Amino acid sequence: MTQHGKIPFVDLGTLHRELEEELVTVFRSALRTAGFIGGPAVEGFERDFAQFCETQFCVGVNSGTDALRFALIAAGVQLGDIVLTVPFTFIATTEAISQAGARPDFVDINGRTFTMDPEKLRQYLETQCVPDEVTGRYVHKTLGRPVTAVVPVHLYGQMADMDPILELAAHYKLTVIEDACQAHGAESFSKKRNRWLKAGSIGRAAAFSFYPGKNLGACGEGGAVTTNDEELARKVAMLRDHGQSKKYYHDVEGYNGRLDSIQAGILRVKLRHLSRWNEQRRESARIYDELLAPLGGSVICPYKSSSSKSVYHLYVVRTQFRDELQKDLNEAGIGTGIHYPIPIHLQAAYASMGWKQGDFPESEEAADQILSLPMFPGLTADQQKQVTETISQFAISYAGR
Ligand SMILES: Cc1ncc(COP(=O)(O)O)c(C=O)c1O
């Protein structure tokens with residue numbers, strides 16, 4: 001990767017080379033002890049990650065999808081419930097809701113932050129739900145099902161606007177499960193509690209993914225549930241391990257959803273570097289912001305709020321000429337991504353649900369305009385200059401057409 005060489009979208013190789021000895025030691029130790037499932041590596045990582053997230057408990061699982069599914073089930077989501085989330089997310093959010101037995105329903109995003117719009121959540125709850133006289137829980141007027149939980153997604157490393165979401169959830173008796181799969185270490189300032197809060201520490205529980213490209217990524221699959229609720233943590237620990245409370249005593253039917261010891265050991269090593277890597281991402285975001293500022297409205301940089309500290313899992317710009325720009329960057333050897341091109345309500349997998357184009361306009365417009373630029377710890381200022389110069393040249397030539 002010379003100054004004018006190819007620039008990947010993500011570079012995990014360099015990061016792993018720096019830690020190679022430590023990572024190989026984890027693998028060697030697992031081989032020698034034959035400790036592949038559970039044990040001190042998993043328990044140690046769970047302790048460290050709970051501390052990092054400022055929660056009392058962390059339960060390691062096999063993926064972010066497992067984490068969300070187990071958290072929802074353990075929080076008491078029942079067959080047929082409605083669980084609210086946003087259509088502008090990765091499909092795992094709604095897969096986990098459906099697989100917990102519930103029906104996903106959507107609240108549109110705020111087009112500036114790309115996260116759940118609390119005003120739209122309020123409108124949904126006020127206009128579409130009524131309290132059930134017997135249970136006191138809120139029921140969807142036309143679907144006739146109880147609305148029991150909400151899953152705000154902290155997309156791209158930026159936390160959803162949690163204060164008003166928590167307030168609405170308390171009023172409407174909704175359980176809040178954070179989808180923090182892209183937000184390891186993100187923070188938001190709670191006016192209500194007058195302090196900064198870490199992603200994963202705010203809802204009843206939260207789900208994290210350790211998919212390799214995440215800010216904290218395994219060398220394989222991994223995930224975790226964080227919570228301050230001991231009973232919920234206990235249930236998640238059972239669900240991940242075939243519902244057993246002790247070996248071969250199965251209290252419920254569960255899943256095979258454990259975090260393996262090699263991944264836990266690797267994550268434990270990498271966790272020690274996470275705050276530094278997140279700072280590097282923030283610095284790279286600042287440089288992009290500065291270099292792209294002259295383009296004004298034609299390429300819009302990520303929104304920055306004074307009450308949110310993003311960890312820039314992705315650095316996503318918005319532009320009307322997204323497809324053409326992506327092609328141009330690609331031809332210049334610069335890797336990009338689109339996260340995500342089709343909002344969930346328009347995915348073929350949900351065709352039978354009756355959602356249509358126009359139902360969630362902010363998500364639909366965002367999906368047409370977003371472009372993720374190279375972002376990873378170790379991205380150099382020279383590389384960023386090359387990316388932004390290519391964008392600037394394109395913007396100038398495109399404006400002249
Ligand atoms: C927002 C979001 N939710 C859930 C998941 C699921 O995580 P995993 O791939 O580890 O199952 C992801 C992973 O990409 C994600 O980005």
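A pocket is an open set of grid points with protein on both sides within 12 Å along at least five of seven lines. In this predicted model, the largest pocket holds about 620 Å³ of space. Of the 37 residues that line the largest pocket, those closest to its centre are Ser209, Tyr211, Lys214, His313 and Tyr340. Four helices, α1 (12-18), α4 (64-74), α5 (92-99) and α9, each contribute at least two residues to this lining. When the lining of the largest pocket is divided by class, 19 residues are nonpolar, 12 are polar and six are charged.

The second largest pocket has a volume of about 440 Å³. Its lining is made up of 25 residues, of which Ala160, Asp161, Met162, Ser305 and Ser307 are the closest to the centre. Two elements, helix α7 (162-171) and strand β8, each give two or more residues to the lining of this second pocket. The largest share, four residues, comes from α7. The classes represented in the lining of the second largest pocket are 11 nonpolar, nine polar and five charged residues.

A search of the whole structure finds one cavity of 30 Å³ or more, and about 110 Å³ of space lies within the largest cavity. The residues that line the largest cavity are Arg112, Thr113, Phe114, Leu155, Tyr156, Gln158, Pro302, Tyr303, Ser310, Tyr312, Leu314 and Val316. By class, this lining comprises eight nonpolar residues, three polar residues and one charged residue.

Strand β8, which contributes to the lining of the second largest pocket, also belongs to an open sheet of three strands. The order of the strands is β9-β8-β14, and their pairing is antiparallel. Strands β9 (195-198) and β14 (308-309) stand at the edges with a single partner strand each, so one side of each has no neighbour in the sheet. Strand β8 spans residues 187-190 and is joined to β14 by two bridges. Within this antiparallel pair, glutamate 187 stands opposite lysine 309 of β14.

Helix α9, one of the helices that supply residues to the lining of the largest pocket, covers residues 261-292 and has 32 residues. From its first C-alpha to its last, α9 reaches 43 Å, close to the 46 Å expected at 1.5 Å a residue. At histidine 273, α9 bends by about 50°. At the start of the helix, a side-chain oxygen of aspartate 260 comes to within 2.9 Å of the backbone nitrogen of isoleucine 262.

Key. Residues numbered from 1 in each chain as written. Predicted model: local features only at pLDDT ≥ 70, side-chain atom pairs only at ≥ 80, totals over all residues. Heavy atoms only, no water. Pairing = 2+ DSSP bridges. Expected span 1.5 Å × (residues − 1). Bend = angle between axes of the 7 residues up to and from the residue. Polar contact = N/O pair within 3.5 Å; in protein donor to acceptor, adjacent residues only side chain to side chain. 1 Å grid on protein atoms, 1.4 Å probe; cavity = no way out; pocket = protein on both sides within 12 Å on 5 of 7 lines; lining within 4 Å. Points joined across faces, edges and corners; volume = space filled by probe spheres on them. Nonpolar A, V, L, I, M, F, W, Y, C, P; charged D, E, K, R; others polar.
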